[in-house]
Amino acid sequence: MRPSVLGIVLTFVFLFGIILNVHFGLSFVSLYNSRISFSENYQDDISSQIINVQNICKPESDRSRSILCFRKHIEEAVKTYGISPFINAVEQMFTARNTSQAGAITQCHDLLHAIGQVGGLHSKNMDSTISSCSSLCTYGCYHGVVEGFLARGANLLDELPKLCAAIPDDDLNRGSRSACFHGLGHGVATIAGYKLKRSLELCDSLQKEEERKDCGTGVFMELYEPSSFEHPLLEFPEDIPDFCSTLWGVYAEVCYVTAGVHEYGRSRDEEKAFTTCGEAPSSLQRPCIVSTGQNFYFVFEGEREDIVRSCKKAPSPASYRACLEGALVSSVISDSERHGASLCVIIEEGFKPTCFELLGLYVKERHGPQKQEQFCESSVIPDSFQKHCLTQLNN
(Lines give C-alpha, C1' and ligand atoms only; values in the text may rest on other atoms or scores of the structure.)
Protein backbone atom coordinates (compact mmCIF):
# COMPACT_ATOMS: atom_id res chain seq x y z
CA MET A 1 0.00 0.00 0.00
CA ARG A 2 1.37 3.41 -0.88
CA PRO A 3 1.94 5.83 2.02
CA SER A 4 -0.77 8.41 2.54
CA VAL A 5 -0.65 12.21 2.63
CA LEU A 6 -1.07 13.84 6.01
CA GLY A 7 -1.07 17.42 5.45
CA ILE A 8 -2.99 17.21 7.30
CA VAL A 9 -2.50 14.04 6.98
CA LEU A 10 -3.68 10.29 7.15
CA THR A 11 -5.88 8.73 4.49
CA PHE A 12 -9.53 9.58 4.66
CA VAL A 13 -12.52 8.39 2.60
CA PHE A 14 -15.91 9.24 1.37
CA LEU A 15 -18.37 6.81 -0.19
CA PHE A 16 -21.68 7.55 -1.88
CA GLY A 17 -24.37 6.30 -4.27
CA ILE A 18 -24.10 2.72 -5.48
CA ILE A 19 -20.66 2.32 -3.94
CA LEU A 20 -22.10 3.29 -0.57
CA ASN A 21 -24.68 0.51 -0.81
CA VAL A 22 -21.92 -2.02 -1.35
CA HIS A 23 -19.23 -0.78 1.04
CA PHE A 24 -20.64 1.86 3.37
CA GLY A 25 -22.96 -0.58 5.02
CA LEU A 26 -26.45 0.95 4.74
CA SER A 27 -27.88 -2.54 4.81
CA PHE A 28 -25.36 -3.94 7.24
CA VAL A 29 -28.06 -5.05 9.68
CA SER A 30 -28.64 -8.01 7.40
CA LEU A 31 -24.94 -8.80 7.76
CA TYR A 32 -24.60 -8.23 11.47
CA ASN A 33 -27.59 -8.72 13.74
CA SER A 34 -26.20 -8.34 17.24
CA ARG A 35 -27.11 -5.31 19.36
CA ILE A 36 -25.19 -3.60 22.14
CA SER A 37 -26.99 -3.62 25.49
CA PHE A 38 -26.50 -0.60 27.77
CA SER A 39 -27.21 0.05 31.43
CA GLU A 40 -28.16 3.45 32.84
CA ASN A 41 -24.46 4.30 33.12
CA TYR A 42 -24.15 4.10 29.35
CA GLN A 43 -20.87 6.06 29.07
CA ASP A 44 -19.03 3.28 30.91
CA ASP A 45 -20.80 0.69 28.77
CA ILE A 46 -19.85 2.53 25.60
CA SER A 47 -16.22 2.74 26.71
CA SER A 48 -16.22 -1.00 27.34
CA GLN A 49 -17.80 -1.71 23.97
CA ILE A 50 -15.31 0.50 22.13
CA ILE A 51 -12.51 -1.61 23.61
CA ASN A 52 -14.32 -4.79 22.54
CA VAL A 53 -14.89 -3.46 19.03
CA GLN A 54 -11.22 -2.50 18.78
CA ASN A 55 -10.24 -6.04 19.71
CA ILE A 56 -12.73 -7.62 17.30
CA CYS A 57 -11.87 -5.41 14.34
CA LYS A 58 -8.13 -6.02 14.30
CA PRO A 59 -6.29 -3.46 12.17
CA GLU A 60 -5.68 -4.80 8.67
CA SER A 61 -3.66 -3.62 5.71
CA ASP A 62 -7.06 -3.21 4.06
CA ARG A 63 -8.39 -0.34 6.17
CA SER A 64 -11.76 -0.47 4.40
CA ARG A 65 -12.52 -3.74 6.16
CA SER A 66 -11.51 -2.37 9.54
CA ILE A 67 -13.69 0.72 9.19
CA LEU A 68 -16.66 -1.27 7.95
CA CYS A 69 -16.21 -3.67 10.87
CA PHE A 70 -16.27 -0.75 13.31
CA ARG A 71 -19.47 0.53 11.72
CA LYS A 72 -21.18 -2.82 11.90
CA HIS A 73 -20.67 -2.98 15.64
CA ILE A 74 -21.57 0.59 16.61
CA GLU A 75 -24.25 1.85 14.22
CA GLU A 76 -27.34 1.04 16.24
CA ALA A 77 -25.81 2.45 19.43
CA VAL A 78 -24.61 5.66 17.77
CA LYS A 79 -28.09 6.18 16.31
CA THR A 80 -29.47 5.93 19.85
CA TYR A 81 -26.94 7.93 21.87
CA GLY A 82 -25.31 10.23 19.33
CA ILE A 83 -21.61 10.56 18.69
CA SER A 84 -20.44 12.47 21.80
CA PRO A 85 -20.18 9.54 24.24
CA PHE A 86 -18.37 7.48 21.61
CA ILE A 87 -15.84 10.26 20.97
CA ASN A 88 -15.29 10.52 24.72
CA ALA A 89 -14.75 6.77 24.94
CA VAL A 90 -12.20 6.75 22.11
CA GLU A 91 -10.34 9.67 23.65
CA GLN A 92 -10.19 7.94 27.03
CA MET A 93 -9.02 4.70 25.50
CA PHE A 94 -6.26 6.16 23.35
CA THR A 95 -5.10 8.57 26.03
CA ALA A 96 -4.65 5.59 28.33
CA ARG A 97 -2.89 3.58 25.61
CA ASN A 98 -0.66 6.46 24.50
CA THR A 99 -1.42 7.59 20.96
CA SER A 100 2.28 7.81 20.17
CA GLN A 101 2.47 4.02 19.90
CA ALA A 102 3.09 2.73 16.39
CA GLY A 103 -0.16 2.49 14.45
CA ALA A 104 -2.27 3.92 17.28
CA ILE A 105 -3.10 7.18 15.48
CA THR A 106 -4.38 5.30 12.43
CA GLN A 107 -6.54 3.03 14.59
CA CYS A 108 -7.87 5.99 16.54
CA HIS A 109 -8.59 7.94 13.36
CA ASP A 110 -10.42 5.02 11.78
CA LEU A 111 -12.62 4.51 14.84
CA LEU A 112 -13.56 8.19 14.87
CA HIS A 113 -14.10 8.07 11.12
CA ALA A 114 -16.59 5.23 11.52
CA ILE A 115 -18.36 6.99 14.41
CA GLY A 116 -18.60 10.17 12.34
CA GLN A 117 -19.97 8.30 9.33
CA VAL A 118 -22.86 6.91 11.34
CA GLY A 119 -23.44 10.25 13.06
CA GLY A 120 -23.62 12.15 9.78
CA LEU A 121 -25.78 9.52 8.13
CA HIS A 122 -28.44 9.65 10.86
CA SER A 123 -28.05 13.22 12.12
CA LYS A 124 -31.18 15.27 12.72
CA ASN A 125 -29.13 18.44 13.22
CA MET A 126 -25.86 18.64 11.32
CA ASP A 127 -24.68 21.79 13.08
CA SER A 128 -24.97 20.00 16.41
CA THR A 129 -23.35 16.82 15.11
CA ILE A 130 -20.36 18.58 13.56
CA SER A 131 -19.95 20.66 16.72
CA SER A 132 -19.71 17.43 18.72
CA CYS A 133 -16.53 16.42 16.86
CA SER A 134 -13.06 17.14 18.16
CA SER A 135 -9.57 17.41 16.68
CA LEU A 136 -8.62 14.06 18.23
CA CYS A 137 -6.43 11.81 16.06
CA THR A 138 -6.17 13.93 12.93
CA TYR A 139 -9.80 15.03 12.84
CA GLY A 140 -11.25 11.64 11.91
CA CYS A 141 -14.72 12.53 13.23
CA TYR A 142 -15.12 15.55 10.96
CA HIS A 143 -14.34 13.57 7.86
CA GLY A 144 -16.75 10.82 8.78
CA VAL A 145 -19.62 13.16 9.67
CA VAL A 146 -19.40 15.04 6.39
CA GLU A 147 -19.25 11.91 4.29
CA GLY A 148 -22.12 10.32 6.19
CA PHE A 149 -24.32 13.35 5.65
CA LEU A 150 -23.57 13.61 1.95
CA ALA A 151 -24.16 9.88 1.62
CA ARG A 152 -27.81 10.47 2.54
CA GLY A 153 -28.35 11.88 -0.93
CA ALA A 154 -28.27 15.57 -0.03
CA ASN A 155 -28.14 18.07 -2.88
CA LEU A 156 -24.42 18.71 -2.90
CA LEU A 157 -24.47 22.10 -4.60
CA ASP A 158 -27.03 23.39 -2.10
CA GLU A 159 -25.38 21.89 0.96
CA LEU A 160 -21.68 22.22 0.17
CA PRO A 161 -21.25 25.83 1.36
CA LYS A 162 -23.31 25.19 4.52
CA LEU A 163 -21.89 21.97 5.90
CA CYS A 164 -18.94 23.38 7.82
CA ALA A 165 -20.60 26.65 8.81
CA ALA A 166 -21.16 25.48 12.42
CA ILE A 167 -17.42 25.52 13.11
CA PRO A 168 -16.32 29.02 14.24
CA ASP A 169 -14.11 30.81 11.76
CA ASP A 170 -11.34 31.79 14.17
CA ASP A 171 -7.72 30.88 14.89
CA LEU A 172 -8.55 28.35 17.60
CA ASN A 173 -10.83 26.38 15.25
CA ARG A 174 -8.72 26.74 12.15
CA GLY A 175 -7.68 23.08 12.13
CA SER A 176 -11.24 21.85 12.59
CA ARG A 177 -12.58 24.00 9.74
CA SER A 178 -9.73 22.84 7.53
CA ALA A 179 -10.52 19.21 8.33
CA CYS A 180 -14.21 19.72 7.60
CA PHE A 181 -13.61 21.23 4.17
CA HIS A 182 -10.96 18.59 3.46
CA GLY A 183 -13.66 16.04 4.17
CA LEU A 184 -15.94 17.74 1.68
CA GLY A 185 -13.23 17.21 -0.91
CA HIS A 186 -13.41 13.46 -0.39
CA GLY A 187 -17.16 13.69 -0.83
CA VAL A 188 -17.20 15.68 -4.03
CA ALA A 189 -14.61 13.34 -5.56
CA THR A 190 -16.89 10.36 -5.18
CA ILE A 191 -20.02 12.20 -6.27
CA ALA A 192 -18.18 13.55 -9.31
CA GLY A 193 -17.48 9.97 -10.40
CA TYR A 194 -13.77 10.17 -9.51
CA LYS A 195 -13.17 12.77 -12.23
CA LEU A 196 -10.51 15.23 -11.09
CA LYS A 197 -11.52 18.39 -12.91
CA ARG A 198 -15.25 17.90 -12.27
CA SER A 199 -14.45 17.42 -8.58
CA LEU A 200 -12.41 20.63 -8.44
CA GLU A 201 -15.18 22.51 -10.21
CA LEU A 202 -17.49 21.50 -7.36
CA CYS A 203 -14.93 22.77 -4.84
CA ASP A 204 -15.08 26.10 -6.69
CA SER A 205 -18.58 26.65 -5.26
CA LEU A 206 -16.96 27.39 -1.87
CA GLN A 207 -16.49 31.09 -1.19
CA LYS A 208 -13.11 31.38 0.50
CA GLU A 209 -9.76 30.48 -1.00
CA GLU A 210 -8.69 28.46 2.04
CA GLU A 211 -11.94 26.47 1.90
CA ARG A 212 -11.37 25.67 -1.77
CA LYS A 213 -7.77 24.70 -1.04
CA ASP A 214 -8.81 22.31 1.74
CA CYS A 215 -11.50 20.85 -0.50
CA GLY A 216 -8.86 20.35 -3.19
CA THR A 217 -6.55 18.46 -0.84
CA GLY A 218 -9.43 16.10 -0.03
CA VAL A 219 -10.11 15.54 -3.73
CA PHE A 220 -6.47 14.70 -4.47
CA MET A 221 -6.24 12.35 -1.52
CA GLU A 222 -9.43 10.52 -2.44
CA LEU A 223 -8.48 10.12 -6.11
CA TYR A 224 -4.76 9.37 -5.88
CA GLU A 225 -4.07 7.89 -2.45
CA PRO A 226 -5.13 4.51 -1.01
CA SER A 227 -8.59 4.98 0.47
CA SER A 228 -10.28 3.34 3.41
CA PHE A 229 -12.75 1.92 0.91
CA GLU A 230 -11.90 0.39 -2.41
CA HIS A 231 -12.24 2.23 -5.69
CA PRO A 232 -9.90 2.53 -8.66
CA LEU A 233 -7.10 5.01 -8.00
CA LEU A 234 -5.95 7.50 -10.59
CA GLU A 235 -2.29 7.52 -11.56
CA PHE A 236 -0.14 10.60 -11.94
CA PRO A 237 1.72 11.02 -15.23
CA GLU A 238 5.48 10.64 -15.14
CA ASP A 239 6.06 14.39 -14.85
CA ILE A 240 3.94 15.42 -11.87
CA PRO A 241 4.91 19.14 -11.84
CA ASP A 242 4.05 19.42 -15.55
CA PHE A 243 0.64 17.87 -14.78
CA CYS A 244 0.12 20.36 -11.94
CA SER A 245 0.63 23.24 -14.40
CA THR A 246 -2.56 22.18 -16.23
CA LEU A 247 -4.72 22.92 -13.17
CA TRP A 248 -6.03 26.30 -12.06
CA GLY A 249 -5.95 28.53 -9.00
CA VAL A 250 -5.40 26.98 -5.59
CA TYR A 251 -5.65 23.47 -7.06
CA ALA A 252 -2.41 23.90 -8.99
CA GLU A 253 -0.84 24.97 -5.70
CA VAL A 254 -2.24 21.91 -3.89
CA CYS A 255 -0.85 19.69 -6.63
CA TYR A 256 2.64 21.24 -6.51
CA VAL A 257 2.79 21.18 -2.71
CA THR A 258 1.96 17.47 -2.57
CA ALA A 259 4.01 16.49 -5.63
CA GLY A 260 6.90 15.15 -3.54
CA VAL A 261 4.53 13.07 -1.45
CA HIS A 262 2.99 11.53 -4.53
CA GLU A 263 6.38 10.81 -6.09
CA TYR A 264 7.54 9.11 -2.92
CA GLY A 265 4.28 7.19 -2.82
CA ARG A 266 4.97 5.53 -6.13
CA SER A 267 8.76 5.26 -6.10
CA ARG A 268 9.65 5.03 -2.40
CA ASP A 269 12.69 7.09 -3.37
CA GLU A 270 13.39 10.12 -1.17
CA GLU A 271 15.79 11.70 -3.65
CA LYS A 272 13.21 11.51 -6.44
CA ALA A 273 10.65 13.08 -4.13
CA PHE A 274 12.94 16.01 -3.34
CA THR A 275 13.85 16.39 -7.02
CA THR A 276 10.16 16.58 -7.87
CA CYS A 277 9.72 19.35 -5.30
CA GLY A 278 12.61 21.18 -6.93
CA GLU A 279 10.68 21.24 -10.21
CA ALA A 280 7.74 23.12 -8.68
CA PRO A 281 7.54 26.92 -8.96
CA SER A 282 10.15 28.50 -6.69
CA SER A 283 7.61 29.80 -4.17
CA LEU A 284 6.17 26.31 -3.68
CA GLN A 285 9.38 24.28 -3.47
CA ARG A 286 9.81 24.71 0.27
CA PRO A 287 6.12 23.95 1.06
CA CYS A 288 6.50 20.82 -1.07
CA ILE A 289 9.47 19.68 1.01
CA VAL A 290 7.63 20.46 4.26
CA SER A 291 4.70 18.37 3.01
CA THR A 292 7.08 15.52 2.18
CA GLY A 293 8.46 15.67 5.71
CA GLN A 294 4.92 15.58 7.09
CA ASN A 295 4.36 12.41 5.13
CA PHE A 296 7.60 10.81 6.33
CA TYR A 297 6.36 11.14 9.90
CA PHE A 298 3.36 8.94 9.15
CA VAL A 299 5.16 6.60 6.79
CA PHE A 300 7.68 5.80 9.54
CA GLU A 301 5.08 6.02 12.34
CA GLY A 302 7.06 8.65 14.22
CA GLU A 303 10.34 6.69 14.31
CA ARG A 304 12.81 9.53 14.62
CA GLU A 305 15.88 7.80 13.19
CA ASP A 306 14.02 6.86 10.00
CA ILE A 307 12.60 10.37 9.65
CA VAL A 308 16.03 11.99 10.05
CA ARG A 309 17.60 9.48 7.66
CA SER A 310 15.05 10.29 4.96
CA CYS A 311 15.18 14.05 5.47
CA LYS A 312 18.98 13.98 5.21
CA LYS A 313 18.60 12.95 1.57
CA ALA A 314 17.29 16.45 0.85
CA PRO A 315 19.58 18.41 -1.51
CA SER A 316 20.55 21.22 0.89
CA PRO A 317 20.70 22.06 4.60
CA ALA A 318 17.68 24.37 4.17
CA SER A 319 15.70 21.59 2.53
CA TYR A 320 16.71 19.18 5.27
CA ARG A 321 15.39 21.56 7.91
CA ALA A 322 12.15 22.11 5.98
CA CYS A 323 11.65 18.36 5.89
CA LEU A 324 12.16 18.10 9.65
CA GLU A 325 9.73 20.97 10.21
CA GLY A 326 7.11 18.99 8.32
CA ALA A 327 7.67 16.01 10.60
CA LEU A 328 7.23 18.27 13.63
CA VAL A 329 3.92 19.53 12.26
CA SER A 330 2.68 15.96 11.85
CA SER A 331 3.70 15.06 15.39
CA VAL A 332 1.49 17.85 16.71
CA ILE A 333 -1.41 17.15 14.35
CA SER A 334 -1.42 13.52 15.46
CA ASP A 335 -1.46 14.36 19.19
CA SER A 336 2.07 12.92 19.56
CA GLU A 337 4.04 16.05 20.47
CA ARG A 338 6.42 13.92 22.54
CA HIS A 339 7.63 12.34 19.30
CA GLY A 340 8.40 15.81 17.99
CA ALA A 341 10.40 16.50 21.15
CA SER A 342 12.36 13.27 20.75
CA LEU A 343 13.10 14.25 17.15
CA CYS A 344 14.49 17.60 18.27
CA VAL A 345 16.70 15.82 20.81
CA ILE A 346 18.66 13.77 18.24
CA ILE A 347 19.23 16.35 15.50
CA GLU A 348 22.27 18.59 15.07
CA GLU A 349 23.08 20.87 18.00
CA GLY A 350 22.89 23.99 15.88
CA PHE A 351 19.28 23.32 14.87
CA LYS A 352 18.00 22.17 18.25
CA PRO A 353 16.99 25.61 19.61
CA THR A 354 15.01 26.36 16.46
CA CYS A 355 13.49 22.88 16.49
CA PHE A 356 12.12 23.30 20.01
CA GLU A 357 10.92 26.81 19.24
CA LEU A 358 9.01 25.56 16.21
CA LEU A 359 7.56 22.67 18.16
CA GLY A 360 6.26 25.03 20.85
CA LEU A 361 4.77 27.29 18.20
CA TYR A 362 2.97 24.42 16.48
CA VAL A 363 1.52 23.24 19.81
CA LYS A 364 0.29 26.77 20.48
CA GLU A 365 -1.29 27.06 17.04
CA ARG A 366 -3.15 23.78 17.42
CA HIS A 367 -3.97 23.65 21.13
CA GLY A 368 -3.56 27.19 22.44
CA PRO A 369 -1.03 28.91 24.74
CA GLN A 370 -2.06 27.04 27.90
CA LYS A 371 -1.25 23.67 26.33
CA GLN A 372 1.99 25.10 24.95
CA GLU A 373 3.08 26.21 28.39
CA GLN A 374 2.21 22.85 29.95
CA PHE A 375 4.00 20.94 27.21
CA CYS A 376 7.13 23.10 27.11
CA GLU A 377 7.56 22.89 30.88
CA SER A 378 7.01 19.13 30.98
CA SER A 379 9.67 16.48 31.40
CA VAL A 380 9.70 15.60 27.68
CA ILE A 381 11.48 18.90 26.94
CA PRO A 382 15.09 19.05 28.21
CA ASP A 383 15.54 21.81 30.80
CA SER A 384 18.04 23.66 28.64
CA PHE A 385 15.53 23.98 25.79
CA GLN A 386 12.32 24.81 27.63
CA LYS A 387 12.90 28.52 27.15
CA HIS A 388 13.14 27.95 23.39
CA CYS A 389 9.92 25.95 23.38
CA LEU A 390 8.20 28.84 25.21
CA THR A 391 9.55 31.57 22.89
CA GLN A 392 6.28 32.20 21.05
CA LEU A 393 4.04 31.89 24.12
CA ASN A 394 3.11 35.56 24.48
CA ASN A 395 3.45 36.61 20.83
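Tutor: Start with a term: a residue is buried when its relative accessible area is under 20%, and exposed when that is over 50%. Keep in mind that this is a predicted model.

Student: Where does Ser-123 lie?

Tutor: In the loop between α5 (104-122) and α6 (126-131).

Student: And what does its side chain reach?

Tutor: The side chain of Ser-123 reaches the backbone nitrogen of Asn-125 at 3.1 Å. It also reaches the backbone nitrogen of Met-126, at 3.4 Å. Apart from neighbours within four places in sequence, Ser-123 is in contact with Thr-129 and Arg-152.

Student: Zooming out, how many helices and strands are there?

Tutor: The protein has 22 helices and 0 strands. It has 395 residues, and 57% of them count as buried.

Student: How many residues are in the largest nonpolar core?

Tutor: 114 residues. Those with the most contacts inside it are Ile-50, Val-90, Leu-196, Phe-220 and Leu-324.

Student: Pick Leu-324. What does it touch?

Tutor: Leaving out residues up to four places away in sequence, Leu-324 touches Ile-307, Val-308, Cys-311, Leu-343, Ile-347 and Phe-351.

Student: Now the rings. How many aromatic pairs are there?

Tutor: The structure holds 9 aromatic pairs. In one of them, the rings of Phe-220 and Tyr-224 have centres 5.8 Å apart and planes at 25°, so this pair is stacked.

Student: Where do those two sit in the helix?

Tutor: Both are in helix α11 (residues 209-224). They are 4 residues apart there, so about one helical turn separates them. Phe-220 and Tyr-224 are both buried.

Student: Which kind of pair do Phe-236 and Phe-243 form?

Tutor: An edge-to-face pair, with 5.7 Å from centre to centre and 80° between the planes. Phe-236 and Phe-243 are buried as well.

Student: What do the ring pairs link together?

Tutor: Phe-220, Tyr-224, Phe-236 and Phe-243 are linked by ring pairs into a cluster.

Key
Residues numbered from 1 in each chain as written. Predicted model: local features only at pLDDT ≥ 70, side-chain atom pairs only at ≥ 80, totals over all residues. Heavy atoms only, no water. Buried < 20%, exposed > 50% of the residue type's maximum accessible area, 1.4 Å probe, protein only. Core = buried A, V, L, I, M, F, W, Y, C linked by side-chain atoms within 4.5 Å. Contact = heavy atoms within 4.5 Å. Phe/Tyr/Trp six-rings, centres within 6.5 Å; stacked < 30°, edge-to-face > 60°. Polar contact = N/O pair within 3.5 Å; in protein donor to acceptor, adjacent residues only side chain to side chain.
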